[in-house]
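Thanks for taking a look at this one with me.

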Amino acid sequence: MPIYWAFLTYMLLKPGEENHEYWFMFSGIDKVLHVSIFAALGFSFIAAFPKIKFSYFIQIILLYAFLTEILQEEMGLGRSMETLDIVADTIGCLLGYYTYKLLIKRFF
C-alpha cells in the first residue's frame, strides 16, 4: 500500500506532457485515468483497513486528492489544479470502496 501511494504521488506530481500521437489518446483521458487510479487506491485502502469508518475513509482520500491538486498548481511543473480532477478522484475512490464492499458481501 505505501508503495502504491508513493507511485501515485509521483505520477500525479511529475511534469505534465500533452501527447496525442497514440491511438488511445482522446480528450478527457486524464479524467478516466484519475477515476481508475483512485478506484485502485480506494479499493486497496479499504482492503487494508476494512474496519475504518466510511467518514474517515472519504476524508483521507479527499484530503489526498485536494493536496495533490494544490501541489500540482503550486509546484509550477506544467501541471494545473482542476476541479474536475477532484470530482474524478472522488468518483474513483467511491467505485473502489463499493467494489470492495460488493465483493466481500458476495464472496465472504
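How many helices and how many strands does the protein chain have?

1. **Overall make-up.** The protein chain has 4 helices and 0 strands, and its pattern along the sequence reads α-α-α-α. Here helices (H or I, at least four residues) and strands (E, at least two) are DSSP runs, numbered from the N terminus.

2. **What you are looking at.** This is a predicted model, in which local features need pLDDT of at least 70 and side-chain atom pairs count only at pLDDT 80 or more, while totals for chains, interfaces and linings use all residues. Residues are numbered from 1 along each chain as its sequence is written, and side-chain values use heavy atoms, with hydrogens and water left out.

3. **Confidence.** The mean pLDDT (the predictor's confidence in each residue, from 0 to 100) of the protein chain is 87, and 90% of its residues reach 70 or more.

4. **Surface and burial.** Of the 108 residues of the protein chain, 28% count as buried. Buried means under 20% relative accessible area, exposed over 50%, and partly exposed in between (1.4 Å probe, protein chains only). The accessible surface of the chain comes to about 7300 Å², with 70% of it belonging to carbon and sulfur atoms. These areas come from the Shrake-Rupley method with a 1.4 Å probe; for residues, only the protein chains shown count as cover.

5. **Contacts along the chain.** If you take the contacts (heavy atoms within 4.5 Å) with a separation of 6 or more, 74% of them are between residues 24 or more positions apart.

6. **H3 against H4.** Two packed helices are described by the angle between their axes and the distance between the axes. Helix H3 (residues 54–75) packs with H4 at an angle of about 145°, their axes 10 Å apart. Axes are lines fitted to C-alpha atoms, for helices over the stretch in contact, and angles run from 0 to 180 degrees between N-to-C directions. The crossing is right-handed; a crossing is left-handed if the near helix is turned anticlockwise from the far one by less than a right angle, and right-handed if clockwise. On the H3 side you will find Phe54, Phe57, Ile58 and Ile61, among others, while the H4 side includes Cys93, Leu94, Tyr97 and Tyr98. The residues of this contact divide into 12 nonpolar, 1 polar and 3 charged. In that count Ala, Val, Leu, Ile, Met, Phe, Trp, Tyr, Cys and Pro are nonpolar, Asp, Glu, Lys and Arg are charged, and the others, Gly among them, are polar.

7. **H2 against H3.** Helix H2 (residues 29–48) and H3 cross at roughly 145°, and their axes come within 11 Å. This crossing is right-handed. H2 brings His34, Phe38, Leu41, Gly42, Phe45 and Ile46 to the contact, and H3 brings Phe57, Ile60, Ile61, Tyr64, Ala65 and Glu69. They divide into 9 nonpolar, 2 polar and 1 charged.

8. **Two residues of H2.** Is Phe38 buried or exposed? Phe38, found in helix H2, has a relative accessible area of 0%, so this residue counts as buried. Beyond residues up to four places away in sequence, Phe38 touches Leu12, Ile61, Tyr64, Ala65, Asp89, Gly92 and Cys93. His34, also in helix H2, is buried at 6% relative accessibility. Leaving aside neighbours within four places in sequence, His34 is in contact with Leu12, Glu69, Asp85, Ala88 and Asp89.

9. Ile60 lies in helix H3 and is partly exposed, with a relative accessible area of 36%. Its contacts, not counting residues up to four places away in sequence, are Trp5, Phe45 and Ile52. Leu62, placed in helix H3, is partly exposed at 22%. Leu62 and Asp89 are 27 residues apart in sequence and 7.8 Å apart in space, C-alpha to C-alpha.

10. **A loop residue.** Where is Ser80? Ser80 lies in the loop between H3 and H4, and 37% relative accessibility makes Ser80 partly exposed. Apart from neighbours within four places in sequence, Ser80 is in contact with Glu69, Gln72 and Glu73.
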